[in-house]
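Hello,

I am passing a structure on to you, together with some notes for a first look. Please open it below and then read on.

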Amino acid sequence: MLNDIQEVLYSEEELQAKVAELGAQLSVEYADKNPLVICVLKGAFIFMSDLVQNITVPLELDFMAVSSYGSSTKSSGVVKILKDLDVPVEGRHVIIVEDIIDSGLTLSYLIDVLERRNALSIAVVALFDKPKRRTVDLEPDYKGFTIPDEFVVGYGLDYAEKYRNLPFVGILKPEIYSH
Ligand code: XMP
Ligand code: MG
């Protein structure tokens, strides 16, 4: 598994430091708001887990699984809800936790869905942002790192369901996915 990594981008320590920073920020801004924190499965599961442990105010969690039709390294913008939320978002302050924003298509679809369900507010926390690849006008409200246009894995992020369990984030060798 480690042989497939070209370069480590962020170590476990760097990730933890950034997640603590984001958690502290959210703790201030969501004090007394009892936000509904939504994990977008599967990629955000480790980030979500670490993030909420760094939020010191009351909150609720829920999970959503979406799949975007397209190849495994590129999304098409057509999103299917595989697992919906368990609770209504109407009147709630919602925080969407995403692993990475690439084209932005997945997220803009999700925001649309939650707006139509009358969420009181919607904020996006993304651990990684690849602004170069954006095709829709969308900026995360809270961001971990801006990264170059490379395919990254680890800390929840996968290629073909592999590498999610790496505790760091690295660039996958292109030969792994280019054949
Ligand atoms: P869009 O293009 O809709 O895509 O913003 C967001 C989703 O695409 C996946 N994605 C990646 N997954 N390494 C990954 O493991 C990457 O470098 C990468 N870039 C995009 C991811 O599932 C994300 O939620
Ligand atoms: Mg994925």
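**Strands and sheet**

Strands β2 (residues 36–41) and β5 (residues 93–101) run parallel and are joined by four bridges. In this pair, V37 stands opposite I95 in β5. Strands here are DSSP runs (E, at least two residues), as are helices (H or I, at least four residues), numbered from the N terminus; two strands pair if DSSP finds at least two bridges between them.

Before going further, please note that this is a predicted model, in which local features need pLDDT of at least 70 and side-chain atom pairs count only at pLDDT 80 or more, while totals for chains, interfaces and linings use all residues. Residues are numbered from 1 along each chain as its sequence is written, and chains are lettered from A and ligands numbered from 1 in the order in which they are written.

An open sheet of six strands runs in the order β4-β3-β2-β5-β6-β7, with mixed pairing. At its edges stand β4 (79–83) and β7 (142–146), each with a single partner strand, so one side of each has no neighbour in the sheet.

**The whole protein**

The protein has four helices and nine strands, which follow the pattern β-α-β-α-β-β-β-α-β-β-β-β-α along the sequence. Its C-alpha atoms fill a box of roughly 45 × 35 × 25 Å, taken along the principal axes.

How much of the protein counts as buried? The share is 35% of the 179 residues, where buried means that 20 or more other C-beta atoms, placed from the backbone, lie within 10 Å of the residue's own.

Best wishes

How values were computed. Buried ≥ 20, exposed ≤ 12 C-beta atoms within 10 Å, placed from the backbone.
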